[in-house]
Amino acid sequence: MPAARCARTELAPGGWVTGRCWLGCEREDLPVQWVGPVEVGIERADLYGCADCLARLRARVLEEAGRR
Ligand SMILES: [Zn+2]
């Protein structure tokens with residue numbers, strides 16, 4: 001079974017898995033949380049982010065939401 005599928009089945013909503021952060025810090029083998037699916041053209045992957053990057057992302061989302 002591919003590792004990616006394995007990670008997906010272990011994933012609990014809001015749960016943390018060990019992996020790579022996709023949100024800019026480029027660190028690997030640290031606790032990351034599933035953010036959502038990301039699509040680039042026809043390819044689709046799961047996006048994960050570490051606590052630091054998720055905090056930054058959350059602040060950005062709230063900032064954008066406040067502008068509407
Ligand atoms: Zn990060």
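These notebook entries record what I looked up in the structure shown above.

**Entry 1. Ground rules**

I note that this is a predicted model, in which local features need pLDDT of at least 70, side-chain atom pairs count only at pLDDT 80 or more, and totals for chains, interfaces and linings use all residues. Residues are numbered from 1 along each chain as its sequence is written.

**Entry 2. Overall make-up**

I began with the secondary structure, where helices (H or I, at least four residues) and strands (E, at least two) are DSSP runs numbered from the N terminus. The chain has 2 helices and 3 strands. Along the sequence I read the pattern α-β-β-β-α.

I then looked up burial. A residue is buried if 20 or more other C-beta atoms lie within 10 Å of its own, exposed if 12 or fewer, and partly exposed in between, with C-beta atoms placed from the backbone. By this count, 10% of the 68 residues of the chain are buried.

For contacts, the C-beta atoms of two residues, placed from the backbone, must lie within 7 Å. Among the contacts in the chain with a separation of 6 or more, 29% are between residues 24 or more positions apart.

**Entry 3. The sheet**

In what order do the strands of the sheet stand? I found an open sheet of 3 strands in the order S1-S2-S3, with antiparallel pairing. Strands S1 (16-19) and S3 (43-50) are at the edges with a single partner strand each, so one side of each has no neighbour in the sheet. Direction ignored, neighbouring strands are turned by 55° against each other on average. The angles are taken from axes, which are lines fitted to C-alpha atoms (for helices over the stretch in contact), and run from 0 to 180 degrees between N-to-C directions.

Two strands count as paired if DSSP finds at least two bridges between them. S1 and strand S2 (residues 30-40) are joined by 4 bridges and run antiparallel. Here tryptophan 16 is opposite glutamine 33 in S2. S2 and S3 pair over 8 bridges, also in the antiparallel sense. On this side I noted two residue pairs: tryptophan 34 has tyrosine 48 of S3 as its bridge partner, and proline 37 is opposite aspartate 46 in S3. The hairpin of S2 and S3 has 2 residues between the strands, and glycine 41 takes a positive phi near 65° in it.

**Entry 4. The core and tyrosine 48**

Which residues form the largest nonpolar core? I listed 5 residues: Cys21, Val32, Tyr48, Cys50 and Cys53. Such a core is a set of buried Ala, Val, Leu, Ile, Met, Phe, Trp, Tyr and Cys residues joined through C-beta atoms within 7 Å.

I followed tyrosine 48 further. Apart from neighbours within four places in sequence, its contacts are Gly19, Arg20, Cys21, Trp22, Val32, Gln33, Trp34 and Val35.

**Entry 5. The loop between S1 and S2**

Glutamate 26 lies in the loop between S1 and S2, and its phi is near 65°, a positive value in a residue other than glycine. Glutamate 26 is exposed, with 9 other C-beta atoms within 10 Å. Aspartate 29 is found in the loop between S1 and S2 and has a positive phi of about 55° although it is not a glycine. With 9 C-beta neighbours inside 10 Å, aspartate 29 is also exposed.

Leucine 23 is found in this loop between S1 and S2 as well. Leucine 23 is partly exposed, having 18 other C-beta atoms within 10 Å. Neighbours within four places aside, leucine 23 is in contact with Gly49, Cys53 and Leu57. I also looked up two C-alpha separations from leucine 23: 7.8 Å to leucine 54, 31 residues apart along the chain, and 9.4 Å to aspartate 52, 29 residues apart.

**Entry 6. Helix H2**

Aspartate 52 lies in helix H2 and is partly exposed, with 14 other C-beta atoms within 10 Å.

Is H2 largely buried or in the open? Of the 17 residues of H2, 1 is buried, so the helix lies largely in the open. I checked its length last. The expected span is 1.5 Å times one less than the number of residues. For the 17 residues of H2 this should give 24 Å, and the end C-alpha atoms are 25 Å apart, which agrees.
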